[in-house]
Amino acid sequence: MILKNLLDSGACVVCDFDNTLYDTSSFHVKSYQGALLAVCGVEVDIRPYKLQLRGKSNRDVVLALLAIARGKYPLRSEPAPELRPLFEAFDALPGTEKEKVARIVEKRVEFLVESVGESVPVENLPQEMKVLGELVAFLRKIGTKCGIASASPGDFVRTVIRRKETSDIFPLDFVIGSEIIEKQEEERPGERLAKPHPFSVLLSAGKAREAMSSPCHLVAYIGDSDEDCGVIPNASEEDMPIVGFIIPSSKETRMELPRKYRGHHGLTFLHTLADLVR
């Protein structure tokens with residue numbers, strides 16, 4: 001059992017949330033599209049760009065969409081004509097770019113949190129990723145509590161965890177969400193603290209560490225994306241060591257990520273969450 005051996009050796013556990021624990025893709029797509037319609041007045045299908053947007057902060061998703069629309073996104077030298085109405089409408093909005101992006105983000109967060117609110121039936125909440133139940137059962141049996149480091153708004157993450165009745169494993173105050181990351185970025189101008197920066201993972205690990213009865217010497221981080229992979233090499237020597245367990249959540253990343261990070265010390269690629277506990 002990979003996870004049991006790590007815990008026995010003094011590791012704490014931190015998980016990514018989106019598409020690692022719960023399948024949230026459609027919720028994010030609808031919230032961004034709804035926000036762009038509400039603020040910019042344009043209907044945009046962002047699904048073709050999910051791979052480019054995955055794992056980014058709220059602000060960086062909006063900026064990436066605008067860059068793709070203008071042909072200024074890395075590896076995309078041609079403008080995306082289907083997104084032209086977006087940047088035209090965005091440019092026509094009053095205010096600075098920062099203010100306009102902030103309005104879109106505020107509306108996006110509002111829509112996202114509403115999509116999992118109390119009026120929404122539990123069966124319509126994000127579904128568990130494959131065999132999450134097996135991981136949760138194992139963690140309950142041994143009494144381990146895990147942190148969560150997410151690019152999603154904390155209220156969204158906490159609401160799903162609470163309503164799915166897994167807050168005994170993923171305590172709500174162990175959740176580090178986008179608002180904490182963005183607040184720190186404002187206080188540290190010029191720094192980008194969203195993953196692959198290890199900031200959120202280490203901050204959540206600190207909370208998980210405090211709940212442990214024995215000393216913690218290592219962070220076991222579980223994720224699914226390129227940004228999650230990047231956390232491990234971006235940790236400095238002064239940080240607590242991090243080892244990563246990556247379960248790619250799409251057909252494309254199942255092939256791409258192991259190639260990209262082949263031979264990288266500290267990263268292990270798995271098929272499902274159950275591989276950690278069997």
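**Reading the inside of a predicted model**

Modeller: The largest cavity holds about 370 Å³ of space, and please keep in mind throughout that this is a predicted model.

Biologist: Which residues are the closest to the centre of the largest cavity, and which elements give two or more residues to its lining?

Modeller: The lining is made up of 23 residues, of which Asp18, His28, Leu53, Arg54 and Gly55 are the closest to the centre. The elements that give two or more residues to this lining are α2 (25-40), α3 (50-53) and α11 (226-234), and α2 gives the most, with four residues.

Biologist: How many cavities of 30 Å³ or more does a search of the whole structure find, and how many residues of each class are in the lining of the largest cavity?

Modeller: The search of the whole structure finds one cavity of that size. Sorted by class, the lining of the largest cavity has ten charged, seven polar and six nonpolar residues.

Biologist: Let us turn to a helix. Which residues of α5 are buried?

Modeller: A residue is called buried when its relative accessible area is under 20%. In helix α5, which spans residues 84-92, Leu86, Phe87, Ala89 and Phe90 are buried. Viewed down the axis of α5, these buried residues fall within an arc of 160°, so they line one face of the helix. The elements that cover the buried residues of α5 include α2, α4 (58-70) and α6 (97-114).

Biologist: How many aromatic pairs does a search of the whole structure find, and why is one tilted and another edge-to-face?

Modeller: The search finds two aromatic pairs. For aromatic rings, planes under 30 degrees apart count as stacked, over 60 as edge-to-face and the rest as tilted. The ring centres of Phe17 and Tyr22 are 5.6 Å apart and their planes stand at 40°, so this pair is tilted. The rings of Phe17 and Phe156 have centres 6.1 Å apart and planes at 85°, which makes that pair edge-to-face.

Biologist: Are Phe17 and Phe156 buried or exposed?

Modeller: Phe17 counts as buried because its relative accessibility is 0%, and Phe156 is buried with a relative accessible area of 0%. Tyr22 is buried too, and ring pairs link Phe17, Tyr22 and Phe156 into a cluster.

Conventions: Residues numbered from 1 in each chain as written. Predicted model: local features only at pLDDT ≥ 70, side-chain atom pairs only at ≥ 80, totals over all residues. Heavy atoms only, no water. 1 Å grid on protein atoms, 1.4 Å probe; cavity = no way out; pocket = protein on both sides within 12 Å on 5 of 7 lines; lining within 4 Å. Points joined across faces, edges and corners; volume = space filled by probe spheres on them. Nonpolar A, V, L, I, M, F, W, Y, C, P; charged D, E, K, R; others polar. Buried < 20%, exposed > 50% of the residue type's maximum accessible area, 1.4 Å probe, protein only. Arc of directions from axis to C-beta. Contact = heavy atoms within 4.5 Å. Phe/Tyr/Trp six-rings, centres within 6.5 Å; stacked < 30°, edge-to-face > 60°.
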